[in-house]
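Thanks for coming. I have one model to go through today, and I will keep it short. Please look at the sequence and the structure first.

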Amino acid sequence: MGSAVAAIDVGFQLSSNRVAAEEHTDRYEHDGATSVTWAWHEAPRQPVTHHVLARLLAPGEQPKRVTLLYRPMTAGQAAGEVERQVNAAQFRSAYRRARKLDPTARDIADHEQAAQAAREEALGAGVGLVSLWVTTTVLDPADLGRAVADVESRAETCKVRLRRLWRSQAAGFAVTLPAGICPPVLAQQWPN
């Protein structure tokens, strides 16, 4: 395989004889390229259809990788999580009543979603943990601003709230590689 490293997943070839990487607060520089990674901060707050991520996944001017991790919960964990969501929604409702505040539309929607999830789980529906990671990579650092704006715009269109991984770019970059890395599993295995 010569000195060129094929990066098929991002659609270009790197032609450097050295392998080097440096993590910065806001980006990850590696082998002559620069990448920025985000993690899913909040899921869409409306019903999710089959095409909700279509805009984020569609090809753009700069290459990007989108990794969706799904971990199903056991029946016991699912019941506990759904109960926690219902209790949290009820607490927020009681707190607002005690302070004589009107419920917000978001409070009402959260309460309805928690109640619906509890009904569905009681009928046998599964519950899982879902996370989403996005990395964009540019060869010219001058293109980074445009690539970042593109990903953030696409996420907003999909109603997905992403959080840029400040001081965690190397870890986020690794998660989006097609290598089977699952951050929660690693966190349990490695000491802080």
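This is a predicted model: local features need pLDDT of at least 70, side-chain atom pairs count only at pLDDT 80 or more; totals for chains, interfaces and linings use all residues.

Numbering starts from 1 along each chain as its sequence is written, and side-chain values use heavy atoms, with hydrogens and water left out.

Now the layout. The chain has 6 helices and 8 strands. Both are DSSP runs numbered from the N terminus: helices are H or I with at least four residues, strands are E with at least two. Read along the sequence, the pattern is β-β-β-β-β-α-β-α-α-β-α-β-α-α. The chain has 192 residues, and 31% of them count as buried. Buried is under 20% relative accessible area, exposed is over 50%, and partly exposed is in between, with a 1.4 Å probe and protein chains only. Of the contacts with a separation of 6 or more, 78% join residues 24 or more positions apart; a contact is heavy atoms within 4.5 Å.

How do α2 and α3 run relative to each other? The axes of α2, residues 75-98, and α3, residues 105-122, come within 9 Å and cross at roughly 155°. That makes α2 roughly antiparallel to α3. On the terms: axes are lines fitted to C-alpha atoms, for helices over the stretch in contact, with angles from 0 to 180 degrees between N-to-C directions. Under 35 degrees counts as roughly parallel, over 145 as roughly antiparallel, 65 to 115 as roughly perpendicular, and the rest as oblique.

Residues making this contact include Ala 78, Val 82 and Arg 92 of α2, and Asp 110, His 111 and Ala 114 of α3. By class, the contact has 10 nonpolar, 3 polar and 5 charged residues. Here Ala, Val, Leu, Ile, Met, Phe, Trp, Tyr, Cys and Pro are nonpolar, Asp, Glu, Lys and Arg are charged, and the others, Gly among them, are polar.

On to single residues. Arg 164 is found in strand β8, residues 161-164. Is Arg 164 buried or exposed? It is buried, with a relative accessible area of 16%. Its side chain reaches the backbone oxygen of Asp 26 at 2.8 Å. Arg 164 also touches other residues beyond four places away in sequence, among them Val 36, Trp 38 and Gln 169. Trp 40 is 124 residues from Arg 164 in sequence, and 8.9 Å from it C-alpha to C-alpha.

Cys 182 lies in the loop between α5 and α6. Cys 182 is buried too, at 16% relative accessible area. Leaving out residues up to four places away, Cys 182 touches Leu 69 and Arg 71.

Asp 143 sits in the loop between β7 and α4. The side chain of Asp 143 makes a polar contact with the side chain of Arg 146, at 3.1 Å. A polar contact is a pair of N or O atoms within 3.5 Å; within protein, one must be able to donate a hydrogen and the other to accept it, and residues adjacent in sequence count only if both atoms are side-chain atoms.

Last, the positive phi values. Asp 31 has a phi of about 45° although it is not a glycine, and at 19% relative accessibility Asp 31 counts as buried. For Arg 167, phi is near 65°, and Arg 167 is exposed, with a relative accessible area of 64%.
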